[in-house]
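Q: Hi, could you walk me through this model? I'd like to chat about it piece by piece.

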Amino acid sequence: MNDSIEERIARLHVGGIIDMHFDLPMDLYEKRQRRDVLETDFLPEFEAGNISVVGAAIYVEDRYLPEAGLRVALDQVARLYAETAASERFAICKSYREIQAAREMDNIAFLMTMEGVEPLGTDLNQLRVFYELGVRAIGLTHARTNAAGHGGVFAASGSSAEGLTPFGREVVCQCEALGVIIDLAHINPAGFEEILSITTKPPIVSHTNVRQYYDIERNISDGQIRMIGDRRGVIGVNSILVSPREEESTLDKYVDHIAHIANLIGIDGIGIGFDFFEFIYRQWSETRQKELAAKFTTPHFIPDLTNHSHSRNLTRKLIERGFSDSDIEKILRGNWLRIFEQIL
Ligand SMILES: [Zn+2]
């Protein structure tokens, strides 16, 4: 094995990289007056980073709620379908088989996800509608409270002590019955435990960080990490909340989060949920950026892990830090594929 590091990265990337959380539909919706946004704004970075599957998250911002929540969510789905149809390089996939077919054709697969069930209102029938449209992973809440439950706060304590609402429990049970992956990202600690108590399939946390390095209830504790490991679930490591301190928000710190989870539950519990957000953040006015900081936190973007074209930097760092080829392949895609095969 005497190939150069760059050759080794290229070899590890042949099977593609899976990112389970990207706010793509929201951005396509905001750019709805333009055409070919996917090909122009995103394809070059996906290609440079060998991205093969993207969890495309439907997320509705506060300013549209409650009245326009459902319509904005449906418009996001519409833009994703229209943009996908306008390109030969993408496919919206609803099953493991479709994901594998897209990968074999070297297409980039979108797996539609939902971050916060606000679009459903309190109507379980809407869950069926979004399932038919292709949504295959659902997290009940973002940071806010909704009809299903409560989000974890961006502080070391203070989240609601309550778990899910009756509607939230119905959504979870219906997801399991339909074959929708349940995503524990953002949910408050009480909700987290309740979801695990009423489900049997492997859970995921699509994009999060460990409280060991960023102690807020939005992230996950060692106890929660073990609960996911006990159920053979997968935790996607987030690139924006690796440290409360800007100077510590580095690629090495990102890998520290991976190593911490690996120490607790082994390499089979780790995936990627980059949650790249800088491209949206920089479109915002300073006022809006300040509002985000006041409401949640100031995001610290990792300079060499800011968009999908940077995924080679992560693989290079994993090699430098001594991860084996088989471990790296599990982190980059293998563990997510195992979940897709089991549930979708
Ligand atoms: Zn999120």
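**Cysteines, zinc and packing**

A: Let's start with C175, which counts as buried because its relative accessibility is 2% (buried means under 20% relative accessible area, exposed over 50%, partly exposed in between, with a 1.4 Å probe and protein chains only). This is a predicted model, where local features need pLDDT of at least 70, side-chain atom pairs count only at pLDDT 80 or more, and totals for chains, interfaces and linings use all residues. Residues are numbered from 1 along each chain as its sequence is written, and side-chain values use heavy atoms, with hydrogens and water left out.

Q: Switching to the metal: which residues are the protein donors of the zinc ion?

A: They are E115 (OE), H186 (NE2) and H207 (NE2), at 2.0 to 2.1 Å from the zinc ion. Donors here are N, O and S atoms within 2.8 Å of the metal (3.2 Å for Na, K and Ca); water is not among the atoms, so sites may look incomplete.

Q: How are the donor residues spaced in sequence?

A: The spacing is E-x70-H-x20-H. E115 in strand β4 (residues 108–115) and H207 in strand β7 (residues 204–208) are 92 residues apart, so this pair links distant parts of the chain (helices, H or I, at least four residues, and strands, E, at least two, are DSSP runs numbered from the N terminus).

Q: Is E115 buried or exposed?

A: E115 is buried, at 7% relative accessibility. H207 is buried too, at 1%.

Q: New topic: which residues are buried in helix α9?

A: In α9 (residues 222–230), Q224, I225 and I228 are buried. They line one face of the helix, because they fall within an arc of 105 degrees seen down its axis; the arc is that of the directions from the helix axis to the C-beta atoms.

Q: What do they pack against?

A: The buried residues of α9 pack against α8 (189–197), β7, β8 (234–237) and α10 (251–265), where contact means heavy atoms within 4.5 Å. Just after α9, R232 takes a positive phi of about 60 degrees.
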